[in-house]
Amino acid sequence: MSSPATTRLASLRGTNNEGVLALILIVLVVIMTFINSDFLSAGTLFAILRSSIVPTVLALGVLIVIISGGIDVSFPAIAIFSAYTTVVLVQGSGVDAGVLVVLAISLALGALLGLVNGGLIARFKLPTLIVTLGTQGIFKGVLLAYVGSRYIADLPLGMRTFSTMSVLTVPDGGENTSLHALVVPVIVLCLVVNALLRNTMFGRGVYAIGNDTEAARRAGFSVMKLQVILYVVAGVLAAFGGVLHVTLTRSANPQDLLGTELDTIAAVVLGGASIFGGRGSVLGTVLGVLLIQVINNSLILMGIPSAWQRTAVGLLLVIGVGVQAISARRASRRVFAHREVVAQA
Amino acid sequence: MSLEDPSATETGVPVLEARNIVKTYGGVAALHGVSLTLTAGHVHALAGENGCGKSTLIKIISGAERPDSGEIVVNGVAHSHMTPKDAIQQGIQVIYQDFSLFPNLTVAENIVLTSAVAQKRKLFSRKQSRPAAQRIVDDLGLSLDLDQEVERLSVADKQLTAICRALINDARVIIMDEPTTALTHSEVQRLFALVGRLRARGVALVFVSHKLEEALQVAQDVTILRNGELIISGPATDFDRRSISRYMTGRDVDESRLVNAPRYDRDPVLQVTDLTLPGAFEKVSFDLHAGEILGVTGLLGSGRSEIAEALFGVLRAESGTTIVDGKATSIRGIRDAIDAGIGYVPEDRLTQGLFLDKSIADNVIASSLERHRRRGLLDSRKVAATITDQFNRLRIKAPNVEAPVRSLSGGNAQRVVLAKWLANGPKILMLNGPTVGVDVGSKEEILAILRAQAAAGMGIIVISDDVPELVAVCNRILVVKQGRISATLTGDHITPEAIQEGMAA
């Protein structure tokens, strides 16, 4: 039996090493502050939060898929497909659509594309990586061939309105610096997804199928239904991320976002989600996203070429997965040791 | 229905009846007209050899499979088939051999989750789930850490979690598939005490078990299936170990002692002197002769498996000498052991000894590729000859040698492991728990194969705690206690009583 002190320490560490991740994040910030005294400022903080808006939303979708034991590489394609198509549709209609119309169209598109993924995966029991790799290509191709390949700079009203809105302005070294308003819906969304995963049977079902699909079936979960729904939810989240991206960049470019899979998946895995399924949390994912943004930001501040950013993130992903594999092996050894003690008793 | 009220289900009345169940898979009948009646407060032992239809019957009762015809009557209501949700709602719970728990969720969540699904709940609350789980655990007088993740529990605690989960759904029928296979002796006794408490609550239990003594110890009713047919059903008092074996196999199973005469006149094939690995075993010395079957027994954790693993190079002994066929041999790795002519069939045959998704043929040949080589390439004709020879000699029951090993029953999978090692033509073959999880008929055949190999001149070491098995085949038995050989039994001194005394003393 562990003593109360170690139990308290363990709970601080979090079930998915969230505590460890937070500690790494703090250490990194401290180091960066030593290197560059300008680092710890409202400006940097707001910049990192702003740059985390889209990755966080995309990561939430990936988190749900990874917890269910799958992997999704089609989310950037879904994101940009939904957002860009919405812009094209709204412009074609000649009506300057507001935020609700923009969201309704784009999220419906995301849900539809997610349904394609979920349908293929659940109905034909296909490997998730291959299916989403394939649909990624299809979505991308259809977007460029049929919807458009043009860069669009004038956005619908619903996107324009929020492009430069801020919620908080503070003085920072003589100038004023602002926090982007879109941070607010992202925080709300994190809370919603957290509740969805922890406090609904759908969420528990996602963890259950990620743990052991057969056991989930025996427990009475409808595995096929769950899979379809979770890919639809992931598609909707991706589409929302796409809309936020277009809003923030104030332009719609069909080539955007593609290639951000690495950053997003790395953030989710670093955030403690197990690539073997059944494990992961919103808090960990948010910390993972922030960690990657801070690292990218720090490398820029230190004047390191951007090619090294990819290397750094790739390295982090491999380390994250390696830590998981090693701790899983340790855990199984612990059970074995425990059994031997029982046997000798 | 409240769990605190044991009279909620009266004991002695039938709670579930399966009537004339027929099920065929692709034209092959798995069950023809099998019936089963479960009574409240009784333990019903369901016995039969591998492939007799036990699992199919359980799957039909639990809704995992649909019967072709027949009906399932639960509390007087007849159903043509069940679905998993129906079954759970009707209070039917299956505890599978793998427990079907969610390893990354806590004990409390595991206990509560299925009932939440059955109630078609949309929301889930950790706070509410904990007291509900706590009530069950307290009620059964168990000590389980509810906040622990299931993957960190021992096998016995996982099983207890699965039982609690069954009870929170107000289970009136609990079907346990091979509940004792992975448990130690004391854990089995604790389980049986718990089964007594469940009976007092009026729960009807089904024990699916290979272990005949255990089944008889705990059951009130016995039903035996063979080849998809109901052979006999009746009160447990009408059966004994011998009659159950006969009903299961359709013949008298010979468990009597039958041993060859080893070649004691020649030099031993294996001489082990003062083999020591601190913490595992100390100063282990013994000889093994050609044609001899040597038993190594002891309690779990006594060091019996470690000795074999050291001889096979899985572990490295710190000191001591090993002489194989008159030659001093240092075994530093598995390669050295195989080169010296030593084969080892590990304890957990399914995970350690086989490539489950590969064919029988690939598995048989997997560890003897060296012997089937000609000018650097595999000699396909020789490979085919070895595979066919082993397949036929060991009478592996499968459509052909291309069938994946995963599709085989336990006894047949064990034969594939044997074939794999025999294909290598070892001088010494060590087997760890060779018949764990194997039914009586297959067990007898596996023991016959061992006798035949010994008669052909092989030296065989059987590591086991299955007393009847040791008595049946061993020329000599070493009893290991806390890493040391505490007794050596030979000839007429090999009796079940002597072995049990040696292990416990």
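**Close-up views of chain B**

**Figure 1. Strands β7 and β8 of chain B run parallel and are joined by five bridges.** Strand β7 covers residues 173-177 and strand β8 residues 204-208. Strands are DSSP runs of E with at least two residues, and helices are runs of H or I with at least four residues, numbered from the N terminus. Val173(B) has Ala204(B) of β8(B) opposite. The model is predicted: local features require pLDDT of at least 70 and side-chain atom pairs pLDDT 80 or more, whereas totals for chains, interfaces and linings use all residues. Residues are numbered from 1 along each chain as its sequence is written, and chains are lettered from A and ligands numbered from 1 in the order in which they are written.

**Figure 2. Six strands of chain B form an open sheet of mixed pairing.** The order is β6-β7-β8-β3-β9-β10, where pairing requires at least two DSSP bridges between two strands. Because β6 (92-95) and β10 (229-235) of chain B each have a single partner strand, one side of each lacks a neighbour in the sheet. From one strand to the next, the twist averages 15° (axes are lines fitted to C-alpha atoms; angles run from 0 to 180 degrees between N-to-C directions).

**Figure 3. Chain B touches chain A through 27 residues, which contact 26 residues of chain A.** Contact means that C-beta atoms, placed from the backbone, lie within 7 Å. On this side of chain B, α2 (84-89) and α3 (107-118) each supply at least two residues, and α3(B) gives the most, with five.

**Figure 4. Chain B is divided into domain 1 (6-249) and domain 2 (270-504).** Their centres, taken over C-alpha atoms, are 34 Å apart; the bounds come from an automatic or database domain assignment.

Methods. Two residues are in contact if their C-beta atoms, placed from the backbone, lie within 7 Å.
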